[in-house]
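Student: I have a structure open and have not looked at it before. Can you take me through it?

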Amino acid sequence: VLLSGGFAVFKLNGFWFVVKEAAVPLMLGILVLVSAFSAKPLVKLIFFNPSVLNVRLIEERILFHGKEREFGIHLKYSTFILAGSLFLSAFLNYIVALFVFKDIDQSLPADQQSQILNQQIADMTWLSYLVIFVPSLICMGFMFWYLFRGIKMYTGLSAEECMYQMPKKKKLEEVE
């Protein structure tokens, strides 16, 4: 939003909007990909945390089965899938932005130029939902399926058992 607004204020042409639309998910994808080769892949940092999963139980089971190395590789591959979804998003953003953003005739009055640019931004937004959101959602769904399949494979736990469970509050009668 800040980049789009900044580009509009500085009256940059459509080329810069195309670059922005592709560059943001591309940079995020590169960061996610690089994290796959670190001690804590991004998938582990974001999804494999105590507020989402019962990490203690999962780690105990992985240790019990002696699958630490295999599970680490599985988290790395899950991170590759996440990075791939961002690269797909960058590519699709680039294609859609090329289609949407056209240079605006500088001889038009400033208010007409702003109106045309606002329409292009609006078109990019709604087309993004159709062309980019759905494939990205499918990729994310696949990544979650793959991640939970690995957790089940290396721990023997069901998806329900893996999820963090809020401690149940005691009823008033039980406390007394």
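This is a predicted model: local features need pLDDT of at least 70, side-chain atom pairs count only at pLDDT 80 or more; totals for chains, interfaces and linings use all residues.

Student: Start with one residue. Is phenylalanine 80 buried, exposed or partly exposed?

Tutor: Phenylalanine 80 is partly exposed, at a relative accessible area of 27%. Buried means under 20% relative accessible area, exposed means over 50%, and partly exposed is in between, with a 1.4 Å probe and protein chains only.

Student: Which ring does phenylalanine 80 pair with?

Tutor: The structure holds 7 aromatic pairs. In one of them, phenylalanine 37 and phenylalanine 80 are tilted, at 5.7 Å centre to centre and 50° between the planes. Rings of Phe, Tyr and Trp (its six-membered ring) pair if their centres lie within 6.5 Å; planes under 30 degrees apart are stacked, over 60 edge-to-face, and the rest tilted.

Student: OK. How many helices and strands are there?

Tutor: The chain has 8 helices and 0 strands. Both are DSSP runs numbered from the N terminus: helices are H or I with at least four residues, strands are E with at least two.

Student: What about the nonpolar core? Which residues touch the most other members?

Tutor: The largest nonpolar core has 21 residues, and Val43, Phe48, Leu53, Ile58, Phe71 and Ile151 touch the most other members. Such a core is a set of buried Ala, Val, Leu, Ile, Met, Phe, Trp, Tyr and Cys residues joined through side-chain atoms within 4.5 Å.

Student: Which helices supply it?

Tutor: α4 (55-65), α5 and α6 (110-155) each give at least two residues. The most come from α5, with 6 residues. Apart from this core lies another, of 12 residues, including Val18 and Met124.

Student: And what does valine 43 touch?

Tutor: Not counting residues up to four places away in sequence, valine 43 touches Phe48, Leu75, Ser78, Thr79, Leu82, Met143 and Leu147. Contact means heavy atoms within 4.5 Å.

Student: Switching to serine 89. Where is that one?

Tutor: Serine 89 lies in helix α5 (residues 68-100). Serine 89 is buried, with a relative accessible area of 10%. Beyond its neighbours within four places in sequence, serine 89 contacts Pro25, Ile132 and Ser136.

Student: And glutamine 113, buried or exposed?

Tutor: Glutamine 113 is buried, at 11%, and is found in helix α6. Leaving out residues up to four places away in sequence, glutamine 113 touches Ile104, Asp105, Gln106, Ser107 and Leu108.

Student: Last one: how many disulfides?

Tutor: The structure holds 0 disulfides; a disulfide is a pair of cysteine sulfur atoms within 2.5 Å. Cysteine 162 is buried, at 1% relative accessible area, and cysteine 139 is partly exposed, at 22%.

Notes
Residues are numbered from 1 along each chain as its sequence is written. Side-chain values use heavy atoms; hydrogens and water are left out.
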